[in-house]
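Dear colleague,

Please find below the structure that I am handing over to you. I would be grateful if you could look through it before reading the notes that come after.

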Amino acid sequence: MRRTCPTCRQPWPAAFRLPPVPRVRGLHHITEAVAAFYGMTAEAVRSHRERFYHAPIRQLAMRLMLDSSPAVTLVAVGRELGGRDHSTVNYGARRAAQRMAANPEMRADYLELRRLLETAA
């Protein structure tokens, strides 16, 4: 498929072509991988319970989903994680980044999960 300019319908020069979006597994696979990594069920990760030990794991899942591909939206992540609002996902992903900066164990978990997801894809 040749890409064309939407205005003039001429082929785009190679310099202006967007790089291909990397192929990622579905968001539900990320939810299941995070749940299995922490010994939980996927339903517990998606749940609306505000348990102090569920929230950081759910927020880490949000960060993983958003980092998996530039095509993943806040709305899609919110739908996967129990119908949460996009602003909740944005807050959770930022909070996960803050926790990873402060906690080397969480950063190591994040990197291990990314490695597992990349090798499984």
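The notes below set out what was found in this structure.

This is a predicted model, in which local features need pLDDT of at least 70 and side-chain atom pairs count only at pLDDT 80 or more, while totals for chains, interfaces and linings use all residues. Residues are numbered from 1 along each chain as its sequence is written, and side-chain values use heavy atoms, with hydrogens and water left out.

**The nonpolar core**

The largest nonpolar core has 24 residues, of which Ile30, Val34, Leu64 and Val77 touch the most other members. A nonpolar core is here a set of buried Ala, Val, Leu, Ile, Met, Phe, Trp, Tyr and Cys residues joined through side-chain atoms within 4.5 Å. Buried means under 20% relative accessible area, exposed over 50%, and partly exposed in between, with a 1.4 Å probe and protein chains only. At least two residues of this core come from each of helix 1 (27-37), helix 2 (42-46), helix 3 (55-68), helix 5 (86-102) and helix 6 (104-120). Helix 3 gives the most, with seven residues. Helices are DSSP runs (H or I, at least four residues), numbered from the N terminus.

Not counting residues up to four places away in sequence, isoleucine 30 touches Ala61, Leu64, Met65, Ser68 and Leu117; contact means heavy atoms within 4.5 Å.

**Helix 5**

The buried residues of helix 5 are Val89, Gly92, Ala93, Ala96 and Met100. They cover an arc of only 100 degrees around the axis, which puts them on the same side of helix 5; the arc is that of the directions from the helix axis to the C-beta atoms. These buried residues pack against helix 3, helix 4 (74-80) and helix 6. The face of helix 5 turned away from its buried side carries the exposed residues Ala101 and Ala102.

Threonine 31 has its place in helix 1 and is buried, with a relative accessible area of 0%. Its side chain is joined to that of glutamate 80 by a polar contact of 2.9 Å. A polar contact is a pair of N or O atoms within 3.5 Å; within protein, one must be able to donate a hydrogen and the other to accept it, and residues adjacent in sequence count only if both atoms are side-chain atoms.

Glutamate 80 also meets arginine 46 in a salt bridge between their side chains (2.9 Å, N to O). Glutamate 80 lies in helix 4 and arginine 46 in helix 2, so the pair ties together parts that are 34 residues apart in sequence. Glutamate 80 is buried, at 14% relative accessible area, whereas arginine 46 is partly exposed, at 21%.

**Other salt bridges**

A salt bridge is a side-chain nitrogen of Lys or Arg within 4 Å of a carboxyl oxygen of Asp or Glu, and by this rule the count comes to four. Among them is the pair of glutamate 112 and arginine 115, whose closest N and O atoms are 2.6 Å apart. Both residues lie in helix 6, three residues apart, about one turn of the helix. Another salt bridge joins the side chains of glutamate 118 and arginine 114 (3.6 Å, N to O). Glutamate 118 counts as exposed, at 54% relative accessibility, and arginine 114 as partly exposed, at 30%.

Yours sincerely
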